[in-house]
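Have the sequence and the model at hand as you read.

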Amino acid sequence: MIPKQLFRDDGECYQMAGGMEYFEVTKPKSDKMFFVKLDVKNPITKCHHADSVKAAFAVDKHNKPCSDLKTVVNTLSVNGDLIADCSRTYSLPTVAGKHQDLNSISPQTLSDVIDGSYKNVINSYRIIDCRYPYEFEGGHIEGAENRYSHASVLELLQKPTAENQILVFHCEFSSERGPKMMRFLRSKDRELNKENYPGLNYPEVYLLDEGYKSFFNEKSTYCDPITYKPMIHSEHSSDLRHFRAKSKSWTAGEKRRHAKRSIRL
């Protein structure tokens, strides 16, 4: 029996409701076959947050608007080179990182971005450092913003965004905190733009492969100050306990809000 899951979008899955038809799409990056069920006359439900999502518009490879949800899903699933709003291809070269659902870039690529090597394809960039404040103060990538809480990441969605602007998330190793915050942003961005699917405030987002530690080892001259303070540090054991406790409270709060939404629906 073909599963009802539609497709994945940076950690989120979608499911149709109502009478549906089947078609197949292949995602080149993973070489896996995705079975997609949909009927554009029926609503689509986001399993991750159980929010209603409606198709609006996207642009195909010929820069023509995609008129229905089936076209959007097919385009996003088949062409792994398109950014998440289906409007253009990714601007930066990616590497095979630990998180297959996220697009990762190397320290070399990020340093090239800082140097302006990609200014012909991107208008601006923002580096989102998800480490705790004492780590950030102990050394960070020049120009980076320290956003380690859900509230600080949500602030990104409360400000106007520039065209062709990219975000680069990372933490110490880009193993836990950075990827979680990156997925959190995409989830909230989808909620904010649910009436304009697949439109997004930030359709082009990357993860710095192996995090700050790897970047510092390879490109320390791009760091300010030129130092590296690990999360587990003898001078900051109380700080670590404090921020870990806050992180758990944020996660618990999100779970409670999600449970309330599910009950209402």
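The model is predicted: local features need pLDDT of at least 70 and side-chain atom pairs count only at pLDDT 80 or more, while totals for chains, interfaces and linings use all residues. Residues are numbered from 1 along each chain as its sequence is written, and side-chain values use heavy atoms, with hydrogens and water left out.

**Helix 2 and its cover**
- Helices are DSSP runs (H or I, at least four residues), as are strands (E, at least two), numbered from the N terminus.

**Helix 2 against helix 6**
- The two axes (lines fitted to C-alpha atoms over the stretch in contact, with angles from 0 to 180 degrees between N-to-C directions) come within 9 Å and cross at roughly 70°.
- Helix 2 is therefore roughly perpendicular to helix 6 (65 to 115 degrees).
- P107, Q108, L110, S111 and I114 of helix 2 make the contact with S214, F215, E218 and K219 of helix 6 (heavy atoms within 4.5 Å).

**Around V168**
- Beyond its neighbours within four places in sequence, V168 is in contact with I105, L110, R126, I127, I128, Y206 and L208.

How values were computed
Parallel < 35°, antiparallel > 145°, perpendicular 65-115°, else oblique.
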